[in-house]
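User: Hi! I'm new to protein structures and would like to learn how to read a few features. Could you walk me through one?

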Amino acid sequence: MAAISAPRGTRDILPEESWKWSYIVQTAGETMKNFGFSEIHLPIFEHTELFSRGVGETTDIVEKEMYTFEDRGGRSITLRPEATAGVMRAAIENNLCVQGASAKLWNWGPMFRHERPQKGRYRQFYQIDAECLGISNAMADVEIISLSIEIFRRLGLKNLEVVINSVGCEKCRPVYRQKLIEYFETRKQDLCETCLARLDRNPLRILDCKKEVCGQIADGAPDIFDSLCDECREHFAEVRAGLERLGFAYTLNKRLVRGLDYYTKTAYEILSGDLGAQNAVAGGGRYDNLSSAVGGNKIPGVGFACGLDRIMLVMEEQGCSFGKMPETEVYVAALDDSARGAAQILTHELRKNKISATSDTSGKSFKAQMKNAGSCKFACIIGADELANDTVAVKNLRDSSQVSVPMNDAVSYIQKNLN
Ligand code: AMP
């Protein structure tokens with residue numbers, strides 16, 4: 001029988017990589033805590049409607065990328081393609097934002113999109129996500145953007161660019177949408193097939209088409225800033241002023257519209273110069289209409305998601321530090337079979353005292369055990385002499401020095417000498 005492989009677009013995060021992932025998530029989590037964000041855990045699957053109504057029927061995600069299936073009860077279920085809609089659902093369902101209350105929430109985990117896999121793009125990928133719900137003030141947008149920048153600063157990422165735009169609101173966007181349709185109609189014959197299909201359904205998305213011809217056409221499109229209503233214009237000016245106050249450099253990109261319908265006002269991305277085609281490490285913005293789209297009262301929100309897989313790629317590329325690789329500190333070796341029981345007991349005692357320790361469980365020879373001890377700091381060796389004297393030989397594997405220690409003092413001796 002042929003061996004079964006992982007589905008296309010998924011991958012295993014093996015031990016040599018997983019500790020680096022933990023470092024990233026831990027660093028992000030500490031930063032979130034410093035910014036007053038609390039962690040939440042959400043379901044990985046939701047009712048399909050949450051995404052079709054929240055993310056938007058005409059988006060790439062909903063039109064062609066969702067993992068949707070009928071469960072055994074005949075309900076349409078979707079593996080979450082992004083986190084924001086689920087966070088909003090949870091906030092509404094659990095009354096987190098009633099009577100003017102706000103909630104600052106973060107989470108991380110796998111997301112699923114049926115995209116064409118390539119470097120930095122997977123079908124199961126991981127996001128770290130932060131959402132600030134219940135605040136419509138531009139200060140919240142600045143806080144979200146600065147939170148994402150601070151996470152990357154702590155991780156040591158360099159060569160990043162913050163790109164921002166305003167995509168307007170339900171008042172001014174329809175006017176802009178109409179202007180875009182009129183403009184693109186005049187260049188219809190030159191647009192790519194995807195953009196042609198987007199023309200009536202979602203003309204804003206033509207602005208971020210990566211094809212060269214469409215890009216050139218989009219460059220000549222009407223400027224969104226000319227269509228923004230006073231409120232959106234003011235909001236955007238406040239976001240910019242806030243970023244400048246904190247000393248953050250950013251670029252304006254009027255063609256940044258992002259792939260999800262729920263964005264209003266601020267949209268932003270953080271791009272890495274070291275990622276090639278899939279160059280966004282984080283994306284986010286404001287979504288004041290998402291709550292009503294998914295059936296709740298109006299709860300304004302702003303947030304971001306960053307791609308863990310891509311952060312990994314950039315950090316490896318730039319030689320960033322992941323802290324110290326966790327390793328087993330003590331190997332307890334039995335010189336002969338009579339000492340295996342004592343080795344097992346000592347290993348257990350060390351572990352109970354939060355010292356990482358291991359010993360052989362497969363009947364290996366002493367020589368083979370010592371070979372396995374290679375990367376540890378200490379080997380605790382027990383043979384007939386040690387059993388007779390109730391001692392243990394503690395060998396420092398860094399400098400090969402060895403001392404005999406009473407068995408009862410073994411744990412405290414190791415504790416004292418580990419650092
Ligand atoms: P989005 O939810 O599309 O705004 O994406 C937010 C971030 O998630 C992006 O900036 C990427 O870092 C990451 N991301 C999105 N899609 C993928 C994917 N298919 N594979 C890996 N990372 C992704």
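This is a predicted model: local features need pLDDT of at least 70, side-chain atom pairs count only at pLDDT 80 or more; totals for chains, interfaces and linings use all residues.

User: Let's start with pockets. What volume does the second largest pocket have?

Analyst: Rolling a probe the size of a water molecule over the atoms shows where empty space is left. Here, the second largest pocket has a volume of about 340 Å³. Its lining is made up of 20 residues, and Arg-173, Asn-202, Leu-204, Asp-261 and Tyr-263 lie nearest the centre. Helix H6 (residues 173-186) supplies the largest share of that lining, three residues.

User: Which classes of residue line the second largest pocket?

Analyst: The lining has nine nonpolar, seven charged and four polar residues.

User: Now helices. At what angle do the axes of H1 and H11 cross?

Analyst: The axes of H1 (residues 15-34) and H11 (residues 308-317) cross at roughly 105° and come within 11 Å. Angles of 65 to 115 degrees count as roughly perpendicular, so H1 is roughly perpendicular to H11. Among the residues making the contact are Trp-21 and Ile-24 of H1, and Ile-311 and Met-315 of H11. By class, the contact residues are eight nonpolar, four charged and no polar.

User: And how many aromatic pairs are there in the whole structure?

Analyst: A search finds seven. One of them joins Trp-19 and Phe-322 edge-to-face, with 6.3 Å centre to centre and 70° between the planes. Trp-19 belongs to helix H1 and Phe-322 to the loop between H11 and strand E12 (330-334), so this pair ties together parts 303 residues apart in sequence.

Note on methods
Residues are numbered from 1 along each chain as its sequence is written. Side-chain values use heavy atoms; hydrogens and water are left out. On a 1 Å grid over the protein atoms alone, a cavity is a set of points where a 1.4 Å probe fits but cannot get out, and a pocket is an open set with protein on both sides within 12 Å along at least five of seven lines; lining residues have an atom within 4 Å of a point. Grid points are joined across faces, edges and corners, and a volume is the space filled by probe spheres set on the points. Helices (H or I, at least four residues) and strands (E, at least two) are DSSP runs, numbered from the N terminus. Ala, Val, Leu, Ile, Met, Phe, Trp, Tyr, Cys and Pro count as nonpolar, Asp, Glu, Lys and Arg as charged, and the others, Gly among them, as polar. Axes are lines fitted to C-alpha atoms, for helices over the stretch in contact, and angles run from 0 to 180 degrees between N-to-C directions. Angles under 35 degrees count as roughly parallel, over 145 as roughly antiparallel, 65 to 115 as roughly perpendicular and the rest as oblique. Contact means heavy atoms within 4.5 Å. Rings of Phe, Tyr and Trp (its six-membered ring) pair if their centres lie within 6.5 Å; planes under 30 degrees apart count as stacked, over 60 as edge-to-face and the rest as tilted.
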